[in-house]
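This report walks through selected parts of a protein model, heading by heading. Please keep the sequence and the 3D view open while reading.

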Protein chains: 2
Amino acid sequence: MKIKMNEFDYIEKYFRPLTNKCALNLKNDAAIFKQKSSFDLIISTDTLSEGIHFFGHEDPADIAKKSLRVNLSDMAAMGAKPIFYNLSLSVPKVKAREFIPKFAKGLRDDQNIFDIKLIGGDLTSSLKYINITITIFGETYNGKSISRDGAKIGDCLYVSGVLGLSKIGLDNFNSKLKEFEEAKRKYLLPQPRVNLGVSLENIANSMIDISDGLIQDATHLAKNSKLTVELNLCKIPLPNIKQLDHELILNSALYGGDDYELLFSCNTLNESLVEELSIKMNLKLTKIGVFKEYKKEYLEFKNNNSKPKNSYLHF
Amino acid sequence: MKIKMNEFDYIEKYFRPLTNKCALNLKNDAAIFKQKSSFDLIISTDTLSEGIHFFGHEDPADIAKKSLRVNLSDMAAMGAKPIFYNLSLSVPKVKAREFIPKFAKGLRDDQNIFDIKLIGGDLTSSLKYINITITIFGETYNGKSISRDGAKIGDCLYVSGVLGLSKIGLDNFNSKLKEFEEAKRKYLLPQPRVNLGVSLENIANSMIDISDGLIQDATHLAKNSKLTVELNLCKIPLPNIKQLDHELILNSALYGGDDYELLFSCNTLNESLVEELSIKMNLKLTKIGVFKEYKKEYLEFKNNNSKPKNSYLHF
């Protein structure tokens with residue numbers, strides 16, 4: 001027997017169980033958050049559009065997790081502890097019955113992993129494609145968030161993990177080779193560096209998460225700090241995939257998107273703290289560059305004069 | 001000469017000028033809001049999908065205003081003063097160049113009217129249709145927001161303005177008759193009752209904005225308050241449009257959406273305060289029902305045994 005559900009039924013059955021008390025059981029026009037004057041509230045939004053940010057045929061649970069994780073990554077990049085999120089989901093009528101329960105299950109699983117709850121949002125139909133917008137909220141002590149413009153001359157540039165995996169996963173999404181499994185998994189389910197972000201509060205002075213490729217995001221840090229960053233291409237941490245040559249892997253790291261690793265600057269005096277953190281968190285943190293006085297370009301390559309090409313742009 | 005703009009160019013040219021200082025010039029992964037412990041932050045989200053909530057051929061400035069206004073209406077319904085908003089806009093590549101500048105102009109105009117600023121968001125492409133999600137933020141003193149569940153037995157039910165105009169405007173959108181001008185305008189550009197919402201802080205004990213038709217939204221108030229509301233159909237404030245018979249206008253009021261008038265309950269002792277407010281604001285506030293102990297239905301009609309049919313549902 002098919003039971004026809006309307007949006008209130010979907011909200012009651014699948015989304016209300018995901019909420020915290022701010023959500024007032026999703027029975028009101030808004031959520032209510034009691035402010036605390038010793039904290040800043042950090043607010044960020046990321047949208048995933050079907051056909052642009054995901055294919056549409058993935059498991060809806062994975063789409064849900066990716067939507068949440070790219071937002072969690074924004075909190076990490078600010079050095080903020082994520083506390084709750086708001087979801088707007090637009091789904092074509094014909095897909096709702098199949099999509100929504102699995103999508104909500106994916107949210108529930110990741111809510112448990114990342115200790116975060118839903119506070120509200122909107123559920124509507126759309127004509128043809130799924131659109132997911134999450135606004136995420138995090139907290140730092142007053143003035144303790146990490147911006148993109150704090151790098152100083154002489155600071156080191158560090159990056160977490162390895163770069164390029166997600167782009168390789170996307171490019172080989174239909175491959176059955178087990179050597180691409182990790183890359184495909186990383187493309188589907190990025191690993192936001194939430195704990196690292198919070199731990200860098202007193203260490204990093206500028207930070208960004210790599211969503212548009214190392215070149216573009218390193219340029220953002222340099223440009224906002226009004227400096228030039230000199231990248232050492234030999235130091236970029238790359239995955240080891242024997243089917244692919246080094247040049248292709250390096251290009252995936254430089255220009256591919258969706259890695260969601262953290263890229264941050266810190267004073268050279270903090271290098272030992274970064275090393276300790278790397279050991280404590282069992283996470284590779286690699287020094288890949290240095291900030292210099294701005295001359296002609298925001299980004300230079302050490303021992304290499306090739307000019308960077310463009311990363312992915314929406315328009 | 002055509003200049004190809006990417007999303008950063010669009011953000012810099014059209015959206016950064018709309019921001020306040022929380023937005024940090026849209027140069028970071030997130031906005032930063034300094035919390036104040038004597039206030040609650042009220043958070044709400046509404047999405048407009050092309051083909052569902054708007055046709056797509058309207059002036060983009062009007063689409064922008066409607067997107068902002070339906071969210072402002074949610075703040076009004078909570079009795080909250082709107083302070084800023086977050087925008088996620090997904091636009092097909094081929095429409096961006098034409099759509100974005102006009103859309104941003106519409107936001108700017110309404111920001112001035114409603115004294116509200118942009119704090120951040122996301123701009124992405126989409127495959128075919130435009131999707132707009134706004135998360136709006138408002139403030140009340142601690143514990144002073146108005147929920148949907150506070151009505152008591154014997155309380156009056158009031159509504160602002162007249163009902164049904166927006167549905168009539170939608171149904172006659174292609175008519176050239178000047179009698180439909182006001183209705184079409186109301187459909188395109190709802191008038192959120194922001195000042196009324198804030199002024200009802202110590203008068204109303206439950207409130208909702210009418211986005212899904214009077215029947216559905218009055219039922220929400222009754223259901224959340226665990227009472228029955230008795231509507232007096234003779235009292236519903238209706239527009240006067242000579243081309244349409246009374247039955248059709250009444251049905252538009254009862255079942256049509258998008259009116260964005262405020263529907264609220266208050267103690268009978270507050271009736272004189274409501275009357276004073278109506279005069280002071282030069283806005284019709286009409287008593288249309290009364291709350292009674294719950295029996296079999298959440299909603300009853302005075303002197304009328306007909307059962308309400310369903311309002312618009314997304315799924």
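## The nonpolar core

The largest nonpolar core has 170 residues, and those with the most contacts inside it are Tyr85(A), Leu263(A), Tyr85(B) and Leu263(B). A nonpolar core is a set of buried Ala, Val, Leu, Ile, Met, Phe, Trp, Tyr and Cys residues joined through C-beta atoms within 7 Å. Helix 2 of chain A, residues 60–78, gives the most to this core, with 9 residues. The helices (H or I, at least four residues) and strands (E, at least two) are DSSP runs, numbered from the N terminus.

This is a predicted model, in which local features need pLDDT of at least 70 and side-chain atom pairs count only at pLDDT 80 or more, while totals for chains, interfaces and linings use all residues. Residues are numbered from 1 along each chain as its sequence is written, and chains are lettered from A and ligands numbered from 1 in the order in which they are written.

Leaving aside residues up to four places away in sequence, Leu263(A) touches several residues, including Leu157(A), Val159(A), Met207(A) and Leu221(A). Two residues are in contact if their C-beta atoms, placed from the backbone, lie within 7 Å.

## Helix 1 of chain A

Which residues of helix 1 of chain A are buried? They are Glu7(A), Tyr10(A), Ile11(A) and Phe15(A), in a helix that spans residues 7–15. Seen down the helix axis, these buried residues fall within an arc of 100 degrees, so they line one face of the helix; the arc is that of the directions from the helix axis to the C-beta atoms. What covers them includes helix 3 (93–114) and strand 4 (117–126) of chain A.

A residue is buried if 20 or more other C-beta atoms lie within 10 Å of its own, exposed if 12 or fewer, and partly exposed in between, with C-beta atoms placed from the backbone.

## Exposed loop residues

Asn174(A) is found in the loop between helix 4 (165–171) and helix 5 (181–188) of chain A, and Asn174(A) is exposed, with 7 other C-beta atoms within 10 Å.

Lys226(A), in the loop between helix 7 (214–224) and strand 8 (227–231) of chain A, has a positive phi of about 60 degrees although it is not a glycine. Because Lys226(A) has 11 C-beta neighbours inside 10 Å, this residue counts as exposed.
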